[in-house]
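Work through the exercises below with the sequence and the coordinates open, and try each task before reading its solution.

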Amino acid sequence: MTSATLLTPARLPSRARGDRSGPATRAAERSYVRLLAVLDTAVLAVAILIGYAGRFGDEHPGGSEIPYQLVAPGLLLVWLISLRTMRCYDDRMLGYGADEYRRVSSASLRLAGGIAIAGYIADVGVSRGFLAISFAVGTVGLVLARFGARKRLHRARHRGAGWSRKVLVVGDTAHVLELVHTLHREPYAGYRVVGACIPDALLAPVPQRLGDVPVVGSFRGIPEAATAIGADTVAVTASGELTATRLRRLGWQLEGTGVDLVVAPALTDVAGPRIHTRPVAGLPLIHVEAPEFRGARKLVKGLVDRSVSLLALLLLLPALVMIALAIKLDSRGPVLFRQIRVGQGGKEFGVYKFRTMVVNADALLAELAARNETDGLMFKMRDDPRVTRVGRLLRKWSLDELPQLANVLLGQMSLVGPRPPLPSEVARYDGDVARRLLVKPGITGLWQVSGRSDLSWEDGIRLDLYYVENWSLAADLTILWKTFGAVLHSRGAY
């Protein structure tokens with residue numbers, strides 16, 4: 001979701017697609033796919049047993065001529081076939097993104113619909129309660145099992161282990177560096193860059209490196225370079241020398257080698273539902289739709305924001321009272337801290353937080369300016385002496401931001417959005433950064449789940465602008481889910 005570049009599998013001939021993984025990663029990939037198959041089988045078997053027990057209990061379904069001892073394993077087999085048919089074990093979508101979950105859910109729901117229609121037409125009296133419970137439990141169980149397996153894979157990839165693709169990046173120096181930076185920033189995506197090929201004119205007679213990536217060849221010997229370093233994926237990014245004809249010939253050269261070819265179009269920070277590939281005059285043109293800043297989806301987002309914030313405030317009321325008492329006992333001053341921030345359209349409002357600093361924190365800021373640990377327009381300091389004892393705990397677990405639920409309820413903020421900036425920051429915005437003000441600021445956002453204070457100013461702005469351009473309700477749910485993990489691990493919280 002936060003990638004700056006879209007990786008798109010190229011269209012290779014069918015015999016090149018039969019063996020998609022290179023020799024170095026084929027065994028690890030197959031092991032992971034086998035793990036998923038075992039997990040899916042176990043989950044579906046348990047779901048069907050739960051469906052039977054939930055509908056009939058310990059008793060045999062009296063008066064029924066349906067042999068459930070045969071129906072149950074038959075349903076399990078058909079369900080697994082449906083998962084395979086929907087390509088739920090395709091390595092191109094395993095381990096990253098939401099497509100894996102969508103395919104698993106779609107395979108289950110389509111099968112449920114098909115069985116319901118077939119049962120109605122054939123007048124087969126299989127218990128609808130048995131099927132309903134089985135499919136409900138099985139669909140949820142499949143998604144949760146895939147999520148658990150993915151988290152295990154991500155932890156392994158962070159350690160430098162696990163199944164990852166070994167990537168040879170091809171393109172101009174600037175675009176290669178950009179793609180390498182993007183893939184390095186998200187190692188859990190499963191693309192590990194092992195080498196680069198650059199234009200012949202930029203190739204030197206001595207060993208070269210682009211950052212920490214060795215240059216292993218030029219455009220003339222891409223297949224040979226991939227073989228030499230054991231790459232199983234060639235990622236082609238923008239270059240004036242890589243014409244359509246040359247790219248097509250590269251696909252022919254990789255045909256039958258088991259090396260995957262992906263193309264990274266120069267669509268910086270454009271992704272999700274805004275991108276559509278449509279064939280026009282034999283060309284696969286990529287259409288980019290305009291961002292959506294109003295309409296029905298925005299109304300739904302606002303309704304969800306206010307409903308969830310109201311419910312959260314009611315449920316968290318005892319915890320809020322306890323935090324307020326702890327702040328009052330720890331240091332003198334008010335419990336809440338109100339600060340002017342800039343919201344949608346440049347409108348200023350007062351954002352509420354639990355006070356985590358001493359009362360004269362603003363007056364002490366000038367003395368600490370030289371110790372700023374971040375770049376850009378923000379001030380961040382890991383061991384800020386202005387923070388109180390209770391304030392450090394609140395910041396560690398992001399509890400100081402809970403009063404912002406009131407801002408959401410008032411319609412000044414959203415649950416998910418860009419970080420609310422100070423007026424002094426906005427006064428120095430240029431035209432690009434000012435686009436952050438096109439949407440409501442959020443309590444959480446891509447900046448929080450990607451590192452918060454550990455991010456540079458440029459990365460924080462890039463993530464905010466990415467959200468502004470590509471927001472969706474599904475992405476909001478994903479960010480809210482990831483926020484719990486970021487808070488539990490206290491990433492970038494200080």
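Two exercises follow, each with a worked solution.

The model is predicted, so that local features need pLDDT of at least 70 and side-chain atom pairs count only at pLDDT 80 or more, while totals for chains, interfaces and linings use all residues. Residues are numbered from 1 along each chain as its sequence is written, and side-chain values use heavy atoms, with hydrogens and water left out.

**Exercise 1.** Describe how helix H3 packs against helix H5.

*Solution.* Two packed helices are described by the angle between their axes and the distance between the axes. For H3 (residues 68-85) and H5 (residues 128-158), the angle is about 40 degrees and the axes are 13 Å apart, where axes are lines fitted to C-alpha atoms over the stretch in contact and angles run from 0 to 180 degrees between N-to-C directions. Helices here are DSSP runs of H or I with at least four residues, numbered from the N terminus. Next, the contacts (heavy atoms within 4.5 Å) join H3 residues including Tyr-68, Leu-75 and Trp-79 to H5 residues including Phe-130, Phe-135 and Leu-142.

**Exercise 2.** Determine which helix supplies the largest share of the nonpolar patch, and where Leu-473 lies.

*Solution.* The patch consists of Val-300, Val-304, Val-308 and Leu-473, with about 270 Å² of accessible area together, computed by the Shrake-Rupley method with a 1.4 Å probe, counting only the protein chains shown as cover. Helix H9 (residues 296-315) contributes three residues, the largest share, whereas Leu-473 belongs to helix H17 (residues 473-489).

Key. Patch = residues over 30% accessible without salt bridge, like charges linked within 9 Å, V, L, I, M, F, W, Y side chains within 5 Å. Salt bridge = Lys/Arg side-chain N within 4 Å of Asp/Glu carboxyl O. Helix = DSSP H or I, 4+ residues; strand = E, 2+ residues; numbered from the N terminus.
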